[in-house]
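Please look at the structure first, then read on.

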Amino acid sequence: MMAILLLSSVVVGVFVGRWSSLRLPDWSINVVLYVIVFLVGVDLSKEKVRFDVVKNVLLSVAATVLGTYAGALALSFFSSMKRFEILAVASGFGWYSLSAIIISNLYSAQLGAIAFFSNVMRELYAIVLTPILSRYSKTAVVSIAGATSMDTLLGPISHYTDRETSFLAFAHGFVVTMLVPILVNLFLAFR
Amino acid sequence: MLLLVLILLFFLGFFVGRFLRTDWIRKYKVLIVLTFLLLFALGIEIGSNDDVVSKLESILFSSFMVSTFAILGSFIFAVIFERVSKK
């Protein structure tokens with residue numbers, strides 16, 4: 001139910017942006033993001049930091065990266081897209097703004113647009129699936145979110161799971177986010 | 001730059017929060033409400049970009065395929081890793 005509400009706020013935004021002249025200033029998305037991340041930090045401050053979490057973070061980062069590439073490789077056997085194109089697009093891990101900008105600058109505007117949408121869709125998938133899958137596997141929810149587990153999805157993840165998973169989500173998103181520019185460039189170098 | 005600000009804010013909140021009451025964040029579902037706002041702003045950004053809208057149809061299919069396979073792979077690997085690490 002919550003997923004439908006979250007998704008519809010995107011859809012309403014698209015229609016408002018398409019058919020009205022309402023525009024939000026460029027900084028507004030970032031400011032909301034800043035407030036969310038700050039408040040998640042505040043919310044998590046009552047939790048004791050535990051260092052056995054490091055192993056879980058590395059494990060979930062490995063699951064996210066290897067799982068994403070396994071899926072991308074499987075797709076490359078029957079897609080019209082070139083293999084390195086699919087891998088480069090998948091390397092956005094949900095960070096659509098950065099991956100789209102890098103790819104359209106270094107490669108082509110079309111692949112940049114694909115990077116934008118596929119990574120927006122990854123985020124939307126995560127929004128829809130987080131309330132549903134959080135009952136089944138908390139770490140799978142974090143892996144699906146990819147890089148967005150430290151920003152956009154941090155709110156939903158901390159709402160639907162526990163504080164321990166929220167910690168995992170932030171640390172996981174942090175590591176994956178830093179990998180995005182490196183891995184996108186790496187696969188574009190394979191053309 | 002964005003990344004740096006996010007990390008600093010997270011740790012600032014983490015530090016400052018020790019001296020504040022924090023139960024209102026969960027009580028009033030503050031994080032979910034702010035996420036609504038964030039997604040609405042994202043929607044406006046997509047909808048108002050004419051270039052993106054005109055390419056929509058030819059690109060959406062490829063995007064859908066890549067994201068679906070990426071999600072499936074991540075999910076399967078995360079569940080496998082979770083099972084293996086618990087043994």
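In this predicted model, 63 residues of chain B are in contact with 88 residues of chain A, contact meaning heavy atoms within 4.5 Å. The two chains bury about 7,000 Å² between them, and carbon and sulfur atoms give 79% of this area; buried area is the accessible area (1.4 Å probe) lost by two parts on being put together, summed over both. Of the area that chain B buries against chain A, B:Phe10, B:Arg26 and B:Leu38 supply 10%, more than any other three residues.

The interface of chain B and chain A holds 1 salt bridge, a side-chain nitrogen of Lys or Arg within 4 Å of a carboxyl oxygen of Asp or Glu. The side chains of B:Asp50 and A:Arg18 form a salt bridge of 2.9 Å, N to O. On the side of chain B that touches chain A, α5(B) provides the largest share, 23 residues; helices are DSSP runs (H or I, at least four residues) numbered from the N terminus.

Helix α7 (residues 138-145) of chain A meets helix α5 (residues 56-86) of chain B, with axes that come within 8 Å and cross at roughly 145°. Axes are lines fitted to C-alpha atoms over the stretch in contact, and angles run from 0 to 180 degrees between N-to-C directions. Among the residues making this contact are A:Ile144 of α7(A) and B:Phe75 of α5(B).

Residues are numbered from 1 along each chain as its sequence is written, and chains are lettered from A and ligands numbered from 1 in the order written. Local features need pLDDT of at least 70, side-chain atom pairs count only at pLDDT 80 or more, and totals for chains, interfaces and linings use all residues, while side-chain values use heavy atoms, leaving out hydrogens and water.

How values were computed
Helices (H or I, at least four residues) and strands (E, at least two) are DSSP runs, numbered from the N terminus.
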